[in-house]
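Me: Could you walk me through a model I have open? I'd like to go region by region and stop you with questions.

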Amino acid sequence: MQELAKVTLENEMDLILAHKRSMKLAELAGLSLSAQTTFATAVSEVSRTTIESGKSGCLILSVDTSQREKYLVARLENNHANLSRSQEGLEYAKKLVNRYTILQHDNGTAIELFFYIAPGFRIDIHKLDEWRSLFRNEPPLSPYEELKRKNEQLQELSERVQKSETQYKTLTNSLPLIIFSLNSEGQLIYANDWLTRYTGLNPEQLNRTGWKTVVHADDYDAFQMLLKSEVLKGTAAVKTQARLKHAPDGDYLWHQLSLTPALADKDQSPTWTGYLVDIHAQKLVEETLKDNQELKETQHQLKENQQTMERYIEELNRSNEELQTFAFVASHDLQEPVRKLLFYSDYLLKLYKDALDKKGSDVLQSMHAAAQRMRSLIQDLLLFSQINKEEIVLRPVDLNKIVGDVLNDLEMGIREKQARIDVQSLPQIQGDDRMIRQLFGNLISNSIKYSQEGTPLVITISSEQKGAAFELAFRDNGIGFDEKYLPQLFTLFQRLHPREKYKGTGLGLAICKKVADLHGGRIWAEATEGSGATFFVSLPAERVS
């Protein structure tokens, strides 16, 4: 059925309108004047009963073209379920129409009156639209009818607005994003259910707290500034990104905020429609891609650095090999001239010392001493290059036997200094016995060399296990040294005392450090100038070669 006109039934004036529009519909359908009056009378009788019941109702006029036979249809809806009040009018009306139906529903009763028509023209959709337009634009016959029509139009508009608002809310609640509206002060005037579901706060609570408990602290200032009308004024659309707290688990997830001005009249305050879209996954992908790019750049840089380092190491190894070769060859080649120099200077000193004057004798003595220093230096250089070059051979080494052999080798120096050597029980380690012997020899001879005149020399050698290593201590009561020299103590050719007073090449402690390094250990010292020194050597108890 096609609805054409509607009249709310509240008073006698509405009854006149119902009769008038029923007559008009019958006239448009091509009925005779008597038939028009019959149809309008039937409608008026039932309408009168509805008005007299004191309940609101309405009349809906339409045309049924769904069957071969065509009917004018008047549907009268009552907002009460008691049909007895409508019986009197219905009893009279059903005699005037072709058929009728009575429909009961929860909100009341509906009576439909059907009046047969046989128009001499075709009633199609265009004809019905034409009739509907006539009813809508029909000039009012009285001020009441005009007010009634205006009121009906307002009610219809209100219903449409409510329906549109309901549809809008249903639509926004069904979309998987947060949708809201802001007034000119940046206050929420509407938000779909997603906002409350996500943040755990309703619009009133968000307005009161200013979103502070929802937006991440690092993003809050920019987010809050964006909601101010001064920032939004004059802009077409605004977008930003912020992290919002997900109420169920407390995680902050990235969202994109979009604000668009809503259409408003000139005299109305501006409003804004906002959208918050979850872009956390996209943000993670961007960060991952950025990190991957930075990682690739770092890897590329590391690869370049590694290649540069490998080139430097290769050059350094080649340089070391050349230096070792040079030191070895130079030491061997220099030994023969020095040996001859020592031989002939010693020969001259023994046979011709008395034939020389004092100056010549002093020169010869200086030459002989210089040759001896040269021989010691060459021997130490040769030893240092060999220690650095030869492969270490690990086997069980009894340190008690090592120290016994070294003390036998240094017997003359010990007797000359009248030194007392206290050796505690020493452990067995994995090491190269030749190198360990060199280490012990250098440290003990060092203590003998730097003893104090007039003070009996005492050297104490002890051991203490610390974890997987043995810490050896070589203590003496010699001249000691200032600890400010510790950084250069174990480097090549470093001397802390004048050569004229203490003989040496400055290679002894460097050799000790090299031996400790090759065994996976370390060496260090503590001393006080004038009160002796202690050299510590830490060596692993066991070491895999």
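Reply: What follows is a walk through a few regions of this predicted model. Residues are numbered from 1 along each chain as its sequence is written, and side-chain values use heavy atoms, with hydrogens and water left out. Because the model is predicted, local features need pLDDT of at least 70 and side-chain atom pairs count only at pLDDT 80 or more, while totals for chains, interfaces and linings use all residues.

Me: OK, Val 63 then: buried or exposed?

Reply: Val 63 is buried, at 0% relative accessibility, where buried means under 20% relative accessible area, exposed over 50% and partly exposed in between, with a 1.4 Å probe and protein chains only. Val 63 belongs to strand S2 (residues 57-64); helices (H or I, at least four residues) and strands (E, at least two) are DSSP runs, numbered from the N terminus.

Me: And what is Val 63 in contact with, leaving aside neighbours within four places in sequence?

Reply: Its contacts, meaning heavy atoms within 4.5 Å, are Met 1, Gln 2, Leu 4, Leu 25, Tyr 71, Leu 72, Leu 128 and Trp 131.

Me: Switching to H12, which of its residues are buried?

Reply: In helix H12 (residues 399-409), the buried residues are Leu 399, Ile 402, Val 403 and Val 406. Seen down the axis of H12, they fall within an arc of 90°, so they line one face of the helix; the arc is taken from the directions from the helix axis to the C-beta atoms. As background, an α-helix has 3.6 residues a turn, so residues three or four places apart point the same way.

Me: What's on the other side, and what does the buried face pack against?

Reply: Lys 401 and Asn 408 are exposed on the other side of H12. The buried residues pack against several elements, including strand S11 (395-398), helix H14 (433-449) and strand S15 (469-476).

Me: Last one, S17: how many of its residues are buried?

Reply: Strand S17 (residues 533-540) has 8 of its 8 residues buried, and both of its faces are covered, with Ala 533, Phe 535, Val 537 and Leu 539 on one side and Thr 534, Phe 536, Ser 538 and Pro 540 on the other.

Me: Which strands pair with it?

Reply: S15 is joined to S17 by 7 bridges and runs antiparallel to it, with Ala 469 opposite Pro 540; strands pair if DSSP finds at least two bridges between them. Strand S16 (residues 522-527) pairs with S17 in the antiparallel sense over 6 bridges, and Ala 527 has Ala 533 as its bridge partner. S16 and S17 form a hairpin with 5 residues between them, and Gly 530 in the turn has a positive phi of about 90°.
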